[in-house]
Amino acid sequence: MAETRLSFKEMCAKFDVTPRTLRYYEYIELLAPERAGRARWYGPREIARMTLILRGRRFGFSLEEIRQWLLIYEKEGTDAQMRAWVSLADKQLAELAEQRRQLEAVIDELRGLRDETARSIDG
């Protein structure tokens, strides 16, 4: 069975990204597809990396943080990558918790102002 390889268009479709995004990820060396003339082919390694990149973006990590994490894997292996991931995840969880706290405070303030205004209209 041949290994999975996706064309540029197939890669964009599979991950629901624009051609510009995919080219940018290549430009900043997050992805390195095989090239055959002008064609680009993405094998299992690039497909796995793209999955991790998009997951990292969804969790709020910067592209630089994702790039560093992928580099650790290449240079130091899976254990080092997992330790780095835990550290990054802890940092991001703390940041997201703080954002949630701030968002809840704003929601409470807006709700209070809305309710006060509604009472003054009805009253």
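**Aromatic pairs**

Modeller: The model contains four aromatic pairs. The rule: rings of Phe, Tyr and Trp (its six-membered ring) pair if their centres lie within 6.5 Å; planes under 30 degrees apart are stacked, over 60 edge-to-face, and the rest tilted. This is a predicted model: local features need pLDDT of at least 70, side-chain atom pairs count only at pLDDT 80 or more, and totals for chains, interfaces and linings use all residues. Residues are numbered from 1 along each chain as its sequence is written, and side-chain values use heavy atoms, with hydrogens and water left out.

Colleague: What makes the rings of Phe-59 and Trp-85 a pair, and what kind of pair is it?

Modeller: Their centres are 6.3 Å apart, and their planes meet at 40 degrees, so the pair is tilted.

Colleague: Which parts does that pair tie together?

Modeller: Phe-59 sits in the loop between helix 3 and helix 4, and Trp-85 in helix 5, so the pair ties together parts 26 residues apart in sequence. Helices (H or I, at least four residues) and strands (E, at least two) are DSSP runs, numbered from the N terminus.

Colleague: What about the rings of Trp-69 and Trp-85?

Modeller: Their centres are 5.4 Å apart and their planes stand at 45 degrees, so that pair is tilted too. It links distant parts of the chain: Trp-69 is in helix 4 and Trp-85 in helix 5, 16 residues apart.

Colleague: How do you know whether Trp-69 is buried or exposed?

Modeller: Compare its area with the cut-offs: buried is under 20% relative accessible area, exposed over 50%, partly exposed in between (1.4 Å probe, protein chains only). Trp-69 has 11%, so it is buried. Trp-85 has 29% and is partly exposed. Phe-59, at 31%, is also partly exposed. With Phe-61, these residues form one aromatic cluster: Phe-59, Phe-61, Trp-69 and Trp-85.

**Salt bridges and the sheet**

Colleague: How many salt bridges does the structure hold?

Modeller: Nine. Each needs a side-chain nitrogen of Lys or Arg within 4 Å of a carboxyl oxygen of Asp or Glu.

Colleague: How do you know that Arg-35 and Glu-26 meet in one?

Modeller: Their side chains lie 3.2 Å apart, N to O, and the limit is 4 Å. Arg-35 is exposed at 53%, while Glu-26 is buried at 10%. Glu-26, Arg-35 and Arg-40 are linked in a network of salt bridges.

Colleague: Where does Arg-40 stand relative to Arg-35?

Modeller: Arg-40 is in strand 3, opposite Arg-35. Strand 2 and strand 3 (residues 39-42) run antiparallel, joined by three bridges. Two strands pair if DSSP finds at least two bridges between them, so three bridges are enough.

Colleague: What is the order of the strands in the sheet?

Modeller: The order is 1-3-2, in an open sheet with antiparallel pairing. Strand 1 (6-7) and strand 2 (34-36) are at the edges, each with a single partner strand, so one side of each has no neighbour in the sheet.

Colleague: What separates Arg-101 and Glu-98 along helix 5?

Modeller: About one helical turn, as they are three residues apart in helix 5 (residues 78-122). Arg-101 is partly exposed at 48%, and Glu-98 is partly exposed at 32%.

Colleague: Which residues of helix 2 are buried?

Modeller: Leu-22, Tyr-25 and Glu-26. Down the axis of helix 2, they fall within an arc of 100 degrees (taken from the directions from the helix axis to the C-beta atoms), so they line one face of the helix. The face turned away from the buried side carries exposed Arg-20 and Tyr-27.

Colleague: Which residues of the largest nonpolar core touch the most other members?

Modeller: Met-11, Leu-22, Tyr-25, Leu-30, Met-50, Ile-53 and Leu-63, out of 22 residues. Helix 1, helix 2, helix 3, helix 4 and helix 5 each supply at least two residues of this core. Such a core is a set of buried Ala, Val, Leu, Ile, Met, Phe, Trp, Tyr and Cys residues joined through side-chain atoms within 4.5 Å.

Colleague: What is Glu-29's phi?

Modeller: It is near 65 degrees, a positive value in a residue other than glycine. Glu-29 lies in the loop between helix 2 and strand 2, and is exposed at 64%.
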